[in-house]
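Good morning, and thank you for coming. I would like to take you through one structure, beginning with a charged pair and then widening the view.

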Amino acid sequence: MTETEPSPTLSLAGSTSSGVTADTNHPYFLHSSDAPGMTLVNSQFDERGYPGWRRFFLIALSAKNKIGFINEVCVEQDPGSQEHPQWSRTNDMVTSWLLNSLSHEIGDSVIYSKIAQSLWNNLEHRFGQSNGAKLYHL
């Protein structure tokens with residue numbers, strides 16, 4: 001290459017092109033160490049201690065810059081758009097992380113959620129409700 005030609009750099013989609021750089025701050029960016037089988041929190045959620053598990057998981061997603069996939073910021077892209085493959089791949093990664101942090105019983109009940117946000121909303125609806133009678137008893 002001559003000095004006037006831009007050097008090829010990695011694009012967000014993973015192909016090389018001139019002048020396009022990977023934005024590591026973009027929510028769709030996946031680091032090479034990110035894997036579907038990794039767990040983001042130390043203990044699996046098993047219907048006990050939802051508020052604590054929830055807090056740990058939100059911190060982990062925030063550190064990975066993926067919290068937008070559960071709080072309606074990174075909504076599903078139009079299937080015909082250029083960004084849909086990246087959105088889909090990152091959504092699948094977040095979904096996998098969520099499923100890996102759940103007990104088998106809970107995971108089996110939400111495994112067919114296609115969007116991480118709907119899986120999260122399902123968990124919030126089922127386990128995020130405070131029980132007034134239980135709180136009064138405590």
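Let me begin with one residue. Glu-124 has a relative accessible area of 22%, so this residue counts as partly exposed. Please bear in mind throughout that we are looking at a predicted model.

What does the side chain of Glu-124 meet in a salt bridge? The partner is Arg-54, with 2.7 Å from N to O. Glu-124 belongs to helix α4, which covers residues 116-127, while Arg-54 sits in helix α1, so this pair ties together parts that are 70 residues apart in sequence. Arg-54, with a relative accessible area of 29%, is partly exposed. In general terms, side chains of opposite charge can pair when their charged atoms come close.

The count of salt bridges comes to three, so let me turn to another, between Lys-64 and Asp-34. Here the N to O distance is 2.6 Å. Lys-64 lies in the loop between α1 (50-63) and α2 (84-100), and Asp-34 in the loop between β2 (16-18) and α1; the pair therefore ties together parts that are 30 residues apart in sequence.

Is Asp-34 buried or exposed? Its relative accessible area is 12%, which is under the 20% cut-off, so Asp-34 is buried. Lys-64, by contrast, counts as partly exposed at 23% relative accessibility. The side chains of Asp-34 and Lys-64 are also joined by a polar contact of 2.6 Å. If we set aside neighbours within four places in sequence, Asp-34 is in contact with Lys-64, Met-93 and Trp-97.

There is also a salt bridge between Asp-46 and Arg-48, whose closest N and O atoms are 2.8 Å apart. Asp-46 is partly exposed, at 33% relative accessibility, whereas Arg-48 reaches 64% and counts as exposed.

In soluble globular proteins, nonpolar side chains tend to be buried together. Here the largest nonpolar core has 26 residues, and those touching the most other members are Trp-53, Phe-57, Ile-70, Leu-98, Leu-102, Trp-120 and Leu-123. Two or more residues come from each of α1, α2, α3 (104-110) and α4. The element that gives the most is α1, with six residues.

Which residues does Trp-53 touch, not counting those up to four places away in sequence? They are Val-41, Ser-43, Gln-44, Phe-45, Leu-98, Ser-101, Leu-102, Trp-120 and Leu-123.

Let me step back to the protein as a whole. It contains five helices and two strands, and along the sequence the pattern runs β-β-α-α-α-α-α. Of the 138 residues, 30% are buried. Among contacts with a separation of 6 or more, 58% are between residues 24 or more positions apart. The protein exposes about 9,000 Å², and carbon and sulfur atoms supply 52% of that area.

Finally, a word on confidence. The average pLDDT is 83, and 78% of the residues score at least 70. Over residues 1-20, however, the pLDDT is below 50, although this stretch has 27 contacts in the model beyond near neighbours in sequence. Where pLDDT is low, the predicted coordinates should not be read in detail.

Thank you. I am happy to take questions.

Conventions:
Residues are numbered from 1 along each chain as its sequence is written. This is a predicted model: local features need pLDDT of at least 70, side-chain atom pairs count only at pLDDT 80 or more; totals for chains, interfaces and linings use all residues. Side-chain values use heavy atoms; hydrogens and water are left out. A salt bridge is a side-chain nitrogen of Lys or Arg within 4 Å of a carboxyl oxygen of Asp or Glu. Helices (H or I, at least four residues) and strands (E, at least two) are DSSP runs, numbered from the N terminus. Buried means under 20% relative accessible area, exposed over 50%, partly exposed in between (1.4 Å probe, protein chains only). pLDDT is the predictor's confidence in each residue, from 0 to 100. Contact means heavy atoms within 4.5 Å. A polar contact is a pair of N or O atoms within 3.5 Å; within protein, one must be able to donate a hydrogen and the other to accept it, and residues adjacent in sequence count only if both atoms are side-chain atoms. A nonpolar core is a set of buried Ala, Val, Leu, Ile, Met, Phe, Trp, Tyr and Cys residues joined through side-chain atoms within 4.5 Å. Accessible areas come from the Shrake-Rupley method with a 1.4 Å probe; for residues, only the protein chains shown count as cover.
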